[in-house]
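Please keep the structure open while you read along.

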Amino acid sequence: MIGVMPCSGACNVGQMSTKAVVEAIQRRPGEIGFVCALGLPLQIPGIIKKAHENYTGHIAVNGCHVSCATKALESVDADPAASLLVTHVGGIEKNGDLTDESGLPALIDSVLAAVDGLGGREPQARAQE
Ligand code: SF4
C-alpha cells in the first residue's frame, strides 16, 4: 500500500490536496492509505510507526512550494518517493477560496499516476478483478 499525505493547508490548493487524496482512495480501495499531515511532525508514536510499517512508499501532495507535506514526511525519515505540487498541476493559482476546486480532476489524475509510478497495480491488473 502507498501512503499519500496531503498538506491540507488553509487555502484552495491545500484543501484540494486533501480532496484529491480522498478521491484517489475511493477509486483505489486497499491500494492507497491517507497519511495524516500533523501526526508525523508532532512526533505521535503510533502514526510514525504506521508510516514506517504500513506503506511500501510515500507520496507528498503539497499545495504550494513551501512543501509542508514533503517536509513532514522527511521529519521522520519517511522521505517521499514523489512530491506533487498542486500549483504546478494544471497551472493552479493559490488563493484563499477553500471551496475552489478548479484543477481538481487533473490533480486526482496526478495522484493516481504517482501511485502507479510507485508500483501500484497496473490498470490491466485492476481491469481483470
Ligand atoms: S504546502 Fe503550502 S498550501 Fe500546503 S500547508 Fe504548506 S504552506 Fe499551506
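1. The shell around the ligand is made up of 6 nonpolar and 5 polar residues, with no charged ones. Here Ala, Val, Leu, Ile, Met, Phe, Trp, Tyr, Cys and Pro count as nonpolar, Asp, Glu, Lys and Arg as charged, and the others, Gly among them, as polar. The shell consists of C7, G9, C11, V13, G14, N62, G63, C64, V66, S67 and C68; a residue belongs if its C-beta atom, placed from the backbone, lies within 6 Å of the ligand.

2. A word on the source: this is a predicted model, in which local features need pLDDT of at least 70 and side-chain atom pairs count only at pLDDT 80 or more, while totals for chains, interfaces and linings use all residues. Residue numbers start from 1 along each chain as its sequence is written.

3. The largest nonpolar core holds 32 residues, and V4, V61 and V111 have the most contacts inside it. Such a core is a set of buried Ala, Val, Leu, Ile, Met, Phe, Trp, Tyr and Cys residues joined through C-beta atoms within 7 Å. Two or more residues each come from β1 (2–6), α1 (12–27), β3 (57–62), α3 (68–74) and α4 (104–117), where helices (H or I, at least four residues) and strands (E, at least two) are DSSP runs numbered from the N terminus. The most comes from α4, with 7 residues.

4. What does V111 touch, leaving aside residues up to four places away in sequence? Its contacts (C-beta atoms, placed from the backbone, within 7 Å) are V4, A20, V21, A24, I59, V61 and L84.

5. β1 has two partners, with pairing taken as at least two DSSP bridges between strands. With β2 (residues 32–34) the pairing is parallel over 3 bridges, and V4 is bridged to F34. With β3, also parallel, there are 5 bridges, and P6 is bridged to V61.

6. Finally, Q26 sits in helix α1.

Key:
Buried ≥ 20, exposed ≤ 12 C-beta atoms within 10 Å, placed from the backbone. Contact = placed C-beta atoms within 7 Å.
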